[in-house]
Amino acid sequence: MNKIYLDILSKSGILAEGISKNAKELASKNIHINTDMILSMRKELESAAKEQEVAEKHLAEARKKAHKAMDDLKQYCLQAKQPIKHNFFVDSWARFGVTDKR
């Protein structure tokens with residue numbers, strides 16, 4: 001999990017625990033903090049962070065697959081151009097879809 005997420009999860013957990021342990025003292029000063037809200041929001045962040053990790057993994061896999069497909073296509077196109085380049089003059093290459101002049 002991302003270091004920033006881990007940090008805020010840790011700090012919010014410590015805060016919620018500290019508030020809960022000292023609820024009577026805080027209440028005596030008319031301070032009321034909903035620790036259930038903190039805990040609920042922590043769960044939401046944990047869930048979202050896990051979903052993000054899964055999505056990033058899928059994105060990395062998709063990116064790798066797309067780059068491989070692109071490399072394969074480039075290589076095949078290079079190979080497809082070779083017989084045209086070897087058998088025809090440069091000025092006729094465009095007729096076959098070969099746009100580069102080398």
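**Exercise 1. Work out whether Asn-34 counts as buried, partly exposed or exposed, and what its side chain does.**

Start with accessibility: Asn-34 has 46% relative accessibility, so it counts as partly exposed (buried is under 20% relative accessible area, exposed over 50%, partly exposed in between, with a 1.4 Å probe and protein chains only). A quick word on the ground rules: this is a predicted model, where local features need pLDDT of at least 70, side-chain atom pairs count only at pLDDT 80 or more, and totals for chains, interfaces and linings use all residues. Numbering runs from 1 along each chain as its sequence is written, and side-chain values use heavy atoms, with hydrogens and water left out.

Asn-34 sits in the loop between helix 2 (23-28) and helix 3 (helices are DSSP runs of H or I, at least four residues, numbered from the N terminus).

Now look at the side chain. One of its oxygens lies 3.0 Å from the backbone nitrogen of Asp-36, and that caps the N-terminal end of helix 3. A polar atom of the Asn-34 side chain also lies 3.1 Å from the backbone nitrogen of Met-37.

**Exercise 2. Describe how helix 1 and helix 3 are arranged.**

The axes come within 10 Å and cross at roughly 165° (axes are lines fitted to C-alpha atoms, over the stretch in contact, and angles run from 0 to 180 degrees between N-to-C directions). Helix 1 and helix 3 are therefore roughly antiparallel (the cut-off is over 145 degrees).

**Exercise 3. Find which residues the side chain of Asp-100 makes polar contacts with.**

Locate it: Asp-100 lies in the segment after helix 3 (35-87).

Go through the pairs. Its side chain makes a polar contact with the side chain of Lys-85 at 2.8 Å and with the side chain of Lys-81 at 3.4 Å. A polar contact is a pair of N or O atoms within 3.5 Å; within protein, one must be able to donate a hydrogen and the other to accept it, and residues adjacent in sequence count only if both atoms are side-chain atoms.

Finish with touching neighbours: not counting residues up to four places away in sequence, Asp-100 touches Lys-81, Lys-85 and Trp-93.

Note on methods. Helix = DSSP H or I, 4+ residues; strand = E, 2+ residues; numbered from the N terminus. Contact = heavy atoms within 4.5 Å. Parallel < 35°, antiparallel > 145°, perpendicular 65-115°, else oblique.
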